[in-house]
Amino acid sequence: MKKRTFAVDIDGTITENGGGRIHLDALEALRRLVNMGHDVIFVTGRSSVEGFLLSVFGGTTKVAVGENGGCITLDSNDHILLGNLDDCKNALNILKNNLENVEEKYVFPRMTEVVLQRTFDLDQARKILSENNVDVVLSDSQYAYHINSPGIDKGTGFTEVMNRFSISKDDVIAIGDSATDIPLFKVAKTSIALGNAFDDVRSEATMTVSAHAGDGVLEALDKLAPRLSEI
């Protein structure tokens, strides 16, 4: 069987979105893929350290793309920083001075992004940043709002991994549920949107499943199983 690389989101994909509780059957299924000789790499809006720790304890490939592509963790003290934290903090200050209810989310420390509570209007915030000539990306992972450097997303972060480990797009299978996963879908030959994904996310995927979160991952892998050698 030809080796594939599965690029897998975490929140809302193998967890109950917002709750952080891992769907253990889905994690076991991903670990079986690794035991079969495939790679499973977490690509998340959470910190890359959290993704890396999940790979260690979950038995998947020990590489993680975090902060929506801004940071890659290869080992406990080996990080590739693709984003600029200072630019993101500057954007945060401008939003706080011009918009109510802008609050940082209590999260694992970030190295390249700012994470915010979903307590304000995203379009209004984007307009304020544009009017102030602040060049950042403001996105919604459904887990939180994220401020990232321009050009940084899950697709660019995972492309760095692909280049570093000589992974071909033809061998990448991406699984996700939110708008932040769309750039990841674009660098994968096969992309799967789960049942809890919005229509705009599902329309960007090459495959969709009806089940949500971890159950959706299991449904996706069941669909892929007889076709892995053909994809």
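Glu50 is partly exposed, with a relative accessible area of 22%. Arg110, at 12% relative accessibility, counts as buried, because the limit for that class is under 20%. Both values come from a predicted model. The two residues form a salt bridge, and their closest N and O atoms are 3.6 Å apart. Glu50 belongs to helix α2, whereas Arg110 sits in the loop between α3 and β6 (114–116), so the pair ties together parts that are 60 residues apart in sequence.

Asp11 lies in the loop between β1 and α1. Arg46 lies in the loop between β2 (39–43) and α2 (48–58), so parts that are 35 residues apart in sequence are tied together. Asp11 and Arg46 are both buried.

Lys154 and Asp9 form another salt bridge, with 2.9 Å between the closest N and O atoms. Distant parts of the chain are linked here. Lys154 is in helix α5 (residues 154–164), and Asp9 is in the loop between β1 (5–8) and α1 (24–35). The two residues are 145 residues apart. Both of them, Lys154 and Asp9, are buried. The model has 14 salt bridges by the rule applied. Side chains of opposite charge can pair when their charged atoms come close.

Helix α4 was examined next. Helix α4 spans residues 122–131, and its buried residues are Leu122, Ala125, Ile128 and Leu129. These residues lie on the same side of α4, because they cover an arc of only 120° around the axis. Their packing partners are α3 (85–98), β7 (137–140) and β8 (145–148). The face turned away from the buried side carries Asp123, Lys127 and Glu131, which are exposed.

Both ends of α4 show local features. At the start of the helix, a side-chain oxygen of Asp121 reaches to within 3.2 Å of the backbone nitrogen of Asp123. Asp123 is also one of the exposed residues on the face turned away from the buried side. Just after α4, Asn133 takes a positive phi of about 55°.

Technical notes:
Residues are numbered from 1 along each chain as its sequence is written. This is a predicted model: local features need pLDDT of at least 70, side-chain atom pairs count only at pLDDT 80 or more; totals for chains, interfaces and linings use all residues. Side-chain values use heavy atoms; hydrogens and water are left out. Buried means under 20% relative accessible area, exposed over 50%, partly exposed in between (1.4 Å probe, protein chains only). Helices (H or I, at least four residues) and strands (E, at least two) are DSSP runs, numbered from the N terminus. The arc is that of the directions from the helix axis to the C-beta atoms. Contact means heavy atoms within 4.5 Å. A polar contact is a pair of N or O atoms within 3.5 Å; within protein, one must be able to donate a hydrogen and the other to accept it, and residues adjacent in sequence count only if both atoms are side-chain atoms. A salt bridge is a side-chain nitrogen of Lys or Arg within 4 Å of a carboxyl oxygen of Asp or Glu.
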